[in-house]
Amino acid sequence: MTERISAAQFHAADGVDDWRVLYHLVSAHFRTGSLADGVALVDEIGRLAGPAEPQLRVDLRPAGVTVSLTVRDVALARRISAAAKELGLPADPTAVQLVNVTIDALVGADVLPFWRAVLGYGQIGDDYLSDPRGRGPGVGFQCMEAPRPERNRVHLDVAVPHEQAQARVAAALAAGGRLVTAEHAPKWWVLADPEGNEVCVATWVGRE
């Protein structure tokens with residue numbers, strides 16, 4: 001098992017200039033000229049990872065490959081960078097980021113089950129939700145000292161397969177949410193958690 005190191009220790013290591021620590025991940029992006037170039041790099045990464053494969057997250061697009069490690073594995077990061085260099089694929093550290101959404105709540109334990117259900121996420125600790133598929137942003141919950149009477153100016157939209165929408169809505173309601181309106185269903189339903197934070201569950205049905 002790779003020894004756990006700090007972000008500072010990772011960045012101080014030699015040969016990891018392509019990589020950046022982003023919260024719990026380390027990520028690098030390599031620019032490609034074609035999808036075939038990206039596939040070649042992903043192929044090589046799979047060969048290099050070996051037993052470390054579970055800690056890898058790879059996002060392949062025609063313009064580039066983003067690689068993230070859930071463990072600050074200096075040796076593997078170096079090997080991946082070397083493979084990209086061998087293939088002539090330059091690193092672009094400006095292209096990596098990690099987005100989290102934070103929801104203010106008076107009682108986080110009251111609203112978290114609703115968001116876990118409506119997003120289909122898994123729970124980490126007492127105040128964080130994570131997409132088990134590794135595609136969506138993480139969602140954290142931060143305690144407020146007092147309620148805010150004004151209407152929220154931000155809400156989430158969650159698009160799901162049309163045959164899953166009613167089950168997702170039902171799960172969110174069973175987890176303590178309320179239906180704000182179904183006026184536009186099955187295009188979308190508007191739900192709210194126990195403190196009034198809103199989310200739309202949307203499908204393709206009824207859209208052009």
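Trainee: Which residue in S8 does Leu-129 stand opposite?

Mentor: This is a predicted model. In it, Leu-129 faces Val-139 of S8.

Trainee: How are the strands S7 and S8 joined, and do they run parallel or antiparallel?

Mentor: First the general idea. Strands of a sheet pair through backbone hydrogen bonds, in either a parallel or an antiparallel way. Here, strand S7 (residues 128–130) and strand S8 (residues 138–143) run antiparallel, and 2 bridges join them.

Trainee: What is the order of the strands in the sheet?

Mentor: The order is S5-S8-S7-S6, in an open sheet of 4 strands with mixed pairing. Strand S5 (100–105) and strand S6 (122–124) are the edge strands, each pairing on one side only. From one strand to the next, the twist averages 25 degrees.

Trainee: Now a helix. Which residues of H5 are buried?

Mentor: In helix H5 (residues 165–174), the buried residues are Ala-165, Val-169 and Ala-172.

Trainee: What covers the buried residues of H5?

Mentor: The cover includes helix H4 (108–119), along with strand S11 (188–192) and strand S12 (198–202).

Trainee: Which residue follows H5, and is its phi positive or negative?

Mentor: Gly-176 follows H5, and the phi of Gly-176 is positive, near 110 degrees.

How values were computed:
Residues are numbered from 1 along each chain as its sequence is written. This is a predicted model: local features need pLDDT of at least 70, side-chain atom pairs count only at pLDDT 80 or more; totals for chains, interfaces and linings use all residues. Side-chain values use heavy atoms; hydrogens and water are left out. Two strands pair if DSSP finds at least two bridges between them. Axes are lines fitted to C-alpha atoms, for helices over the stretch in contact, and angles run from 0 to 180 degrees between N-to-C directions. Buried means under 20% relative accessible area, exposed over 50%, partly exposed in between (1.4 Å probe, protein chains only). Contact means heavy atoms within 4.5 Å.
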